[in-house]
Amino acid sequence: MFRLQGSKVLAVDMTGDAVKAKNGSMVAYDGQMAFKKLSGGGEGLRGMVTRRLTGEQMTVMEVRGQGTCWFADRASEINLVQLQGDKLFVESSNLLATDAGLRTGTTFTGLRGASQGNGLFTTTVEGHGQAAIMSDGPAVVLRVSPQYPLIVDPGAYIAHQGNVRQSFQSGVTFRTFFGEGGGEAFQIRFEGDGLVYVQPSERNTIAGDL
Amino acid sequence: MSFREINSKMVEATVLPGQRLFSQRGAMLAYNGDVSFTPSLQGGQGGLMSMLGRRVAGEATPLMTVEGSGTVFFGHGGHHVHVIHLSGDTLYVEADRLLAFEGTLRQGTMFMGSQGGVMGLVRGQVTGQGLFTTTLQGQGAVAVMAHGGVFEIPITPQRPVHVDPQAYVAHHGEVRNKLSSALGWRDMVGRGSGEAFQLELSGSGTVYVQASEEKL
């Protein structure tokens, strides 16, 4: 269904089924397509309240039809993720498209979210199917296993999947307060078993300034 | 051919005596050999009338003539560069997306209103392309710029292609283009999918689409 055309364009072949994609990310299509706006954060009234509260309101559209549809967003690199019943945690700004069969929701991330400059909440994608996530530059997939925890810069983190616990660690010392910090004041530590997607670029975060 | 892609953002052109190239003014990065760059006051080919035509049409991007013998490297603004080879057919492209093209190609200006009537005019406004577009016809190569990579979609009579106006770069062949709007009540109440206007291309040819919705 999902295939990459180059590294920056996602082509989706559809035969009457649907995909969810970021609003306005369609660049071209052939055949017959219909576009309808959806709203992220889950369905119904509960979803609406969640979106209002969390600010994690990715505007999503549903694309349904016959033919091929091409998606791209501001020349970001695109990575395909295959989900088999597990859960993908991704920043809503990094999510480009998902199979319509996948459930999307919102979870609380706490302090880690704030340090990433993305707010306190993150988007989850769950079910069986494919999702396309975006990164600034080609992303690397790093494996986390029980023996090898992984520590990631909050600004370079884009997504993770699997059974992973995350904690927040800080390298703030007295030097930081004198403006002598190394620029790596905060990190996210991943433990457990899973995959973490990291981009070769850093968003502007509080941590980056310290 | 005379354009060779060095990497995705730079092309190398071979200039031979007696062969001219046109390029966007200031797009030269480096050259070797004996090459001269002359600002082309007329902004391209043709006589005084075609110059006036371009001025009026707002398609008068400053061009320069490249002559001599040697190799010239072109690139501009870190945009991706894509080389298109033409063999007798016509390429429709916005003047500000032109990086360089061979002197063997005939340059012209086309009024968009002549394709699709009133919707053609609306199309120009919506896409920010104005009412006119540049045409290049003949045998030769063109280097066009785009934000993000460029990919080609073939157009066949059975399969018209719809393109986001902001992601459209250029097209060639026997193609009719018209603006199709999918405006519905949802857009009126601010619940649009962000895909209200689309460019519908039908006929036979190729359309070039960029992987981004940003203008140059």
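**A conversation about a predicted two-chain model**

Trainee: Changing topic, what is the average pLDDT of chain A?

Mentor: The average for chain A is 80, and 74% of its residues score at least 70. Confidence in chain A is highest in strand 9 (residues 140–144), at a mean of 93, and lowest in helix 4 (residues 206–209), at 51. Where pLDDT is low, the predicted coordinates should not be read in detail.

Trainee: What is F71(A) in contact with, leaving aside its neighbours within four places in sequence?

Mentor: Its contacts are L10(A), V12(A), A21(A), S25(A), M26(A), V27(A), L96(A) and A97(A). One of these, L10(A), was also named among the residues with the most contacts inside the core.

Trainee: And why is strand 9 of chain B largely enclosed by the rest of the structure?

Mentor: Strand 9 of chain B is largely enclosed because 11 of its 15 residues are buried.

Trainee: Which strands pair with strand 9 of chain B?

Mentor: Strand 6 (residues 80–93) of chain B runs antiparallel to strand 9 of chain B, and 12 bridges join them. On that side, T90(B) has Q137(B) as its bridge partner in strand 9. Strand 7 (residues 98–102) of chain B also pairs with strand 9 of chain B in the antiparallel sense, over 3 bridges. There, the bridge partner of L98(B) is V144(B).

Trainee: How many helices and strands are there in chain B?

Mentor: Chain B has 3 helices and 13 strands. Of its 216 residues, 41% count as buried. Among contacts in chain B between residues at least 6 apart in sequence, 80% join residues at least 24 apart.

Trainee: Which residues does Y31(B) touch, not counting those up to four places away in sequence?

Mentor: Y31(B), which lies in strand 4 (residues 28–40) of chain B, touches G70(B), T71(B), V72(B) and F73(B). Y31(B) and F73(B) are 42 residues apart in sequence, yet their C-alpha atoms are 5.9 Å apart in space.

Trainee: Is Y31(B) buried or partly exposed?

Mentor: Y31(B) counts as partly exposed, because it has 19 C-beta neighbours inside 10 Å, while a buried residue needs 20 or more.

Trainee: Back to chain A. Where does R74(A) lie?

Mentor: R74(A) is in the loop between strand 4 (59–71) and strand 5 (77–90) of chain A, and A75(A) is found in the loop between those strands. Phi is positive at R74(A), near 40°, and at A75(A), near 55°. Most residues other than glycine have a negative phi.

Trainee: Why is A75(A) buried?

Mentor: A75(A) is buried because 21 other C-beta atoms lie within 10 Å. R74(A) has 14 within 10 Å, so it is partly exposed.

Technical notes. Residues are numbered from 1 along each chain as its sequence is written. Chains are lettered from A and ligands numbered from 1 in the order in which they are written. This is a predicted model: local features need pLDDT of at least 70, side-chain atom pairs count only at pLDDT 80 or more; totals for chains, interfaces and linings use all residues. pLDDT is the predictor's confidence in each residue, from 0 to 100. Helices (H or I, at least four residues) and strands (E, at least two) are DSSP runs, numbered from the N terminus. A nonpolar core is a set of buried Ala, Val, Leu, Ile, Met, Phe, Trp, Tyr and Cys residues joined through C-beta atoms within 7 Å. A residue is buried if 20 or more other C-beta atoms lie within 10 Å of its own, exposed if 12 or fewer, and partly exposed in between; C-beta atoms are placed from the backbone. Two residues are in contact if their C-beta atoms, placed from the backbone, lie within 7 Å. Two strands pair if DSSP finds at least two bridges between them.
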